[in-house]
Amino acid sequence: MKRYTFSNLSEDSQRFTAALFHLLSSLAETFVFIYMGFDIAMERQSWSHIGFIFFSVIFILVARAANVFSCAFLVNLVRPPQRQISRQYQQALWYSGLRGAMAFALALQSVHDLPDGHGQTILSATISIVVLTVLLIGGSTSTMLEALHVVGDGNEGRRPSSLEDQENYEGNNNAGNIELGSEEGTSTTSKFKLKLQEIQKNTPSLAALDRNYLTPFFTSQNGDSDDDEHGPNREPRRSNEL
């Protein structure tokens, strides 16, 4: 709700709220890592199934790749060229997916729910995955993003900065995309892509819904109220009239 509630606050309240939530998130993250560190040292582990741990890491990486690349492919079918998720961004999404607190909490509960030491095996596998992703992948994420030109000097991609810009991209490119799709051929993929683009063209944009209804409803128009109450030839209204 930050998009709608943040503008309802004064500047001092905005700064205080941002700092407060940043502090709370840092404290929560610190507590999770301290708790995990104590648990690794004190909880009984089961390292007799190294193969299970190894294949768990492999399957998680494969599953995340299937999730990210397939969803990005479907999204790109209905997006104009300026808003498509590039291959570099897809690789960054796949690489930077960390598994941590939620998986650890579920694995810790499995120690008590599963019999015959299966819970310890799952906990050991989960701890291994968390440590691997946080230390190895998390520590090298910034380097990988720079190598993929997602951040840094090589990031020259131009992306819409707001929902209104996204809607303008859609409006300016939908017709051209449909014409391009009709020239690609009569294959099943081309027909499917053309159908999705036609549905997108005929569906009201979420940006228009947000601009016309959600933002005016949730955001107080302080400037308009001040102009109405303190016009050039008007005196401020009394509180009972408000």
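Tutor: In this predicted model, the accessible surface of the protein chain, by the Shrake-Rupley method with a 1.4 Å probe, comes to about 16700 Å². Carbon and sulfur atoms account for 61% of that surface. Of the 242 residues, 26% are buried, meaning under 20% relative accessible area with a 1.4 Å probe, protein chains only.

The protein chain has ten helices and zero strands, where helices are DSSP runs of H or I with at least four residues, strands are E runs of at least two, and numbering starts from the N terminus.

Confidence is given by pLDDT, the predictor's score for each residue from 0 to 100. The protein chain averages 74, and 70% of the residues score at least 70. Over residues 223-242 the pLDDT is below 50, and this stretch has eight contacts in the model beyond near neighbours in sequence. Residues 157-164 also stay under 50, with 16 contacts beyond four places in sequence.

Residues are numbered from 1 along each chain as its sequence is written, and side-chain values use heavy atoms, leaving out hydrogens and water. Local features need pLDDT of at least 70 and side-chain atom pairs count only at 80 or more, whereas totals for chains, interfaces and linings use all residues.

Key: Buried < 20%, exposed > 50% of the residue type's maximum accessible area, 1.4 Å probe, protein only. Contact = heavy atoms within 4.5 Å.
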